[in-house]
Amino acid sequence: MLTDLLGFPPQVLFGQLLLGLINGAFYAVLSLGLAVIFGLLNIVNFAHGALYMLGAFAALAAAKWLGISYWGALIIAPIVVGAFGIVIERLLLRRLAGVDHLYGLLLTFGLALVIEGTFVKLFGSSGMPYSTPASLQGGVNLGFMFLPWYRGWVVVASLAVCLATWLLFERTKIGAYLRAGTENPKLLQAFGVNVPLLTTLAYGYGVALAAFAGVLAAPITQVNPLMGSNLIIVVFAVVVIGGMGSIVGAVVTGLAMGVIEGLTKVFWPEASATVIFVVMAIVLVLRPAGLFGKAS
Amino acid sequence: MNTKIAYLIAIGLLLVAPLAIYPVFLMKLLCFALFASAFNLILGFGGLLSFGHAAFFGGAAYVTGHALKVWGLPTELGILVGAAVAGLLGLAIGSLAIRRQGIYFAMITLAMAQMVYFLFVSSDFTGGENGLQGVPRGKALGFIDLQDNLSMYYFVLAIFVIGYFVISRTVNSPFGQVLSAIRDNEARATSLGYDVDRYKLLAFVLSATLAGVAGGTKTVVFQLASLTDAHWHMSGEVVLMTLLGGLGTIPGPAVGAGIIITLQNYLASGPLGAWVPVVLGVIFVICVLAFRRGVVGELREVIRKSF
């Protein structure tokens with residue numbers, strides 16, 4: 001009988017597996033954005049968690065004041081927050097070209113403090129609900145578990161966005177420029193490509209990905225000014241595990257870490273908050289360059 | 001010569017300071033000045049950005065608190081035990097983190113410190129959300145009652161001066177010279193035959209241990225160890241203090257700590273109390289964009305140019 005799998009009822013096991021997949025999907029989209037930004041700017045975007053939170057707030061504000069539905073928000077929030085990212089890049093990050101990469105991390109850390117601090121002051125640190133769109137309420141009983149439509153949708157939408165990003169980078173002309181810019185920006189500029197513009201767009205795109213994840217998360221986690229602040233540290237660990245070299249690597253590592261975290265919740269709940277950090281430590285011992293990284 | 005005079009004046013001022021300023025505030029300032037100076041050892045002189053120093057500061061804060069409250073150790077010994085545990089933690093985290101460079105070093109230390117933080121949240125000896133309260137201050141050297149704020153102040157001042165001296169001696173020693181060489185050009189230092197990783201790790205452990213001294217002393221002063229001490233905001237604050245005061249200058253971090261602690265105290269009592277993180281973030285951005293040498297670095301530049 002399949003009633004008890006490894007001593008756990010399948011509903012519990014598969015339920016946590018699904019939750020793990022959802023978290024993994026967020027890790028994948030966020031670490032993908034970090035990788036895109038790192039590729040062209042050589043900056044680790046500490047503000048990524050704060051921008052993810054802004055995405056969720058943008059959806060909430062759009063619904064409240066403009067009556068924009070979830071589906072509209074899914075398009076508009078990434079555009080608005082991505083535009084905000086472009087402003088950040090042009091006004092602030094641009095000035096750090098040529099100085100040590102660490103300053104980029106410090107600057108974006110400062111930005112994260114400003115953004116999150118402002119939102120905590122304005123909205124308090126408790127969550128605000130954002131309702132699941134009507135068309136995705138309810139779910140389906142798969143026999144071994146209950147699958148809420150919305151949760152399935154989150155996984156599908158995240159994977160679709162990752163796939164679109166992969167296609168953009170690997171199959172289009174602008175993607176070829178972006179990859180060339182990661183390899184050798186000076187040479188690319190010598191060929192007459194506008195590298196500063198490309199850099200701005202890359203930052204905007206990475207930020208838009210974070211905002212997209214924020215909108216997806218809004219109905220699940222509630223909208224909270226600090227929703228991204230601890231998440232970003234886990235995503236950093238995921239990035240260390242996978243390396244920021246490849247899109248596929250970021251996605252696979254993100255999903256895998258989410259699933260591992262979900263399974264740990266079943267088998268050893270106390271360890272679930274730290275398991276990803278433990279995996280990171282093990283990877284650093286066995287394969288310091290990361291699972292998909294090239295040894296430098 | 002000039003620096004000697006400056007240090008004598010500084011110590012003289014610190015000796016008489018409690019006559020004019022509330023001693024508990026001064027003690028807090030000294031603890032954070034030591035913390036930032038210890039941190040600067042690894043960032044300013046080793047060129048490694050650790051985003052996990054809260055683990056050492058907070059870890060030692062808890063261990064010292066536990067040693068004094070539960071084991072009833074003498075105050076000095078309690079602080080030393082805390083510092084030793086911070087050093088061991090530094091050894092564990094450091095030996096993982098030095099496997100990667102630059103930006104990855106920062107992410108690894110941050111992640112490991114977050115793991116330590118979660119362990120503190122869930123373990124019993126830290127008292128969870130309440131923290132360790134009512135830690136006894138005890139007696140210094142067995143006979144000076146530290147319950148008195150003025151005695152406590154001179155005890156903390158002594159610890160700070162010793163810690164500061166250790167840091168300044170380390171920076172000016174052959175070890176410190178090699179460390180700076182590694183910071184400036186790692187490949188070259190390797191080719192000259194230095195075991196780069198060992199230097200980095202030793203510097204990291206030393207920095208963690210001294211951060212632990214600061215954390216343990218802070219517990220004795222406030223008779224409290226809490227999750228705030230180990231939270232990553234604390235790691236960020238110590239980066240800010242060091243950056244603001246002047247990376248890679250010996251007195252800079254202490255100056256930066258002085259400015260930030262004074263600012264926090266000033267803001268906390270006013271209408272801007274809830275805006276402290278935002279203010280710190282804005283200072284961060286300004287420092288990085290326009291003020292990378294920090295207060296002491298800029299002052300030195302002005303002096304150098306005008307003479």
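At what angle do helix α5 (residues 149-171) of chain A and α8(A) pack? The tour begins with that pair. The model is predicted, so local features need pLDDT of at least 70 and side-chain atom pairs count only at pLDDT 80 or more, while totals for chains, interfaces and linings use all residues. Residues are numbered from 1 along each chain as its sequence is written, and chains are lettered from A and ligands numbered from 1 in the order in which they are written.

**Stop 1: α5 and α8 of chain A**

Select both helices. Helices (H or I, at least four residues) and strands (E, at least two) are DSSP runs, numbered from the N terminus. The angle between α5(A) and α8(A) is about 175°, and their axes lie 10 Å apart. Axes here are lines fitted to C-alpha atoms, for helices over the stretch in contact, and angles run from 0 to 180 degrees between N-to-C directions. The two helices are therefore roughly antiparallel; that term applies over 145 degrees, whereas under 35 counts as roughly parallel, 65 to 115 as roughly perpendicular and the rest as oblique.

Next, display the side chains of Tyr150(A), Val154(A), Ala157(A), Ser158(A) and Val161(A) on α5(A), together with Leu209(A), Phe212(A), Leu216(A) and Pro219(A) on α8(A); these make the contact. Contact requires that the C-beta atoms of two residues, placed from the backbone, lie within 7 Å. The residues of this contact comprise 8 nonpolar, 1 polar and no charged. Ala, Val, Leu, Ile, Met, Phe, Trp, Tyr, Cys and Pro count as nonpolar, Asp, Glu, Lys and Arg as charged, and the others, Gly among them, as polar.

**Stop 2: α1 against α8 of chain A**

From α1(A), the contact residues include Phe26(A), Val29(A) and Leu30(A), and from α8(A) they include Leu198(A), Tyr203(A) and Phe212(A). The contact of α1(A) with α8(A) has 19 nonpolar residues, 4 polar and no charged.

**Stop 3: the largest nonpolar core**

Select Ala211(A) and Ala111(B). Of the 197 residues in the largest nonpolar core, these two touch the most other members. Such a core is a set of buried Ala, Val, Leu, Ile, Met, Phe, Trp, Tyr and Cys residues joined through C-beta atoms within 7 Å. A residue is buried if 20 or more other C-beta atoms lie within 10 Å of its own, exposed if 12 or fewer, and partly exposed in between, with C-beta atoms placed from the backbone. Around Ala211(A), look for the residues it touches, among them Leu51(A), Tyr52(A), Ala77(A), Pro78(A) and Val81(A), not counting residues up to four places away in sequence.

**Stop 4: loops of chain A**

Move to Gln222(A), in the loop between α8 and α9 of chain A. Gln222(A) has a positive phi of about 70° although it is not a glycine. Most residues other than glycine have a negative phi. Gln222(A) is partly exposed, with 15 other C-beta atoms within 10 Å.

Then select Val99(A), in the loop between α3 (70-91) and α4 of chain A. Val99(A) is partly exposed, having 13 other C-beta atoms within 10 Å. A distance drawn from its C-alpha to that of Ala160(A), 61 residues apart along the chain, spans 36 Å.

**Stop 5: chain B**

Select α2(B), residues 23-43. Its 21 residues reach 30 Å from first C-alpha to last, close to the 30 Å expected at 1.5 Å a residue; the expected span is 1.5 Å times one less than the number of residues. Of the 21 residues in α2(B), 18 are buried.

Helix α9(B) (residues 196-222) has 27 residues and reaches 39 Å, close to the 39 Å expected. In α9(B), 20 of the 27 residues are buried, so the helix is largely enclosed by the rest of the structure. Within α9(B), pick Leu206(B), which is buried, with 22 other C-beta atoms within 10 Å. Leu206(B) touches Leu41(B) and Thr170(B), not counting residues up to four places away in sequence. The C-alpha atoms of Leu206(B) and Leu88(B), 118 residues apart along the chain, are separated by 10.0 Å. Just after α9(B), Gln223(B) takes a positive phi of about 55°.

Finish at Leu141(B), in the loop between β2 (139-140) and β3 (144-145) of chain B. Leu141(B) also has a positive phi, about 55°, without being a glycine. Is Leu141(B) buried or exposed? Leu141(B) is exposed, with 9 other C-beta atoms within 10 Å.
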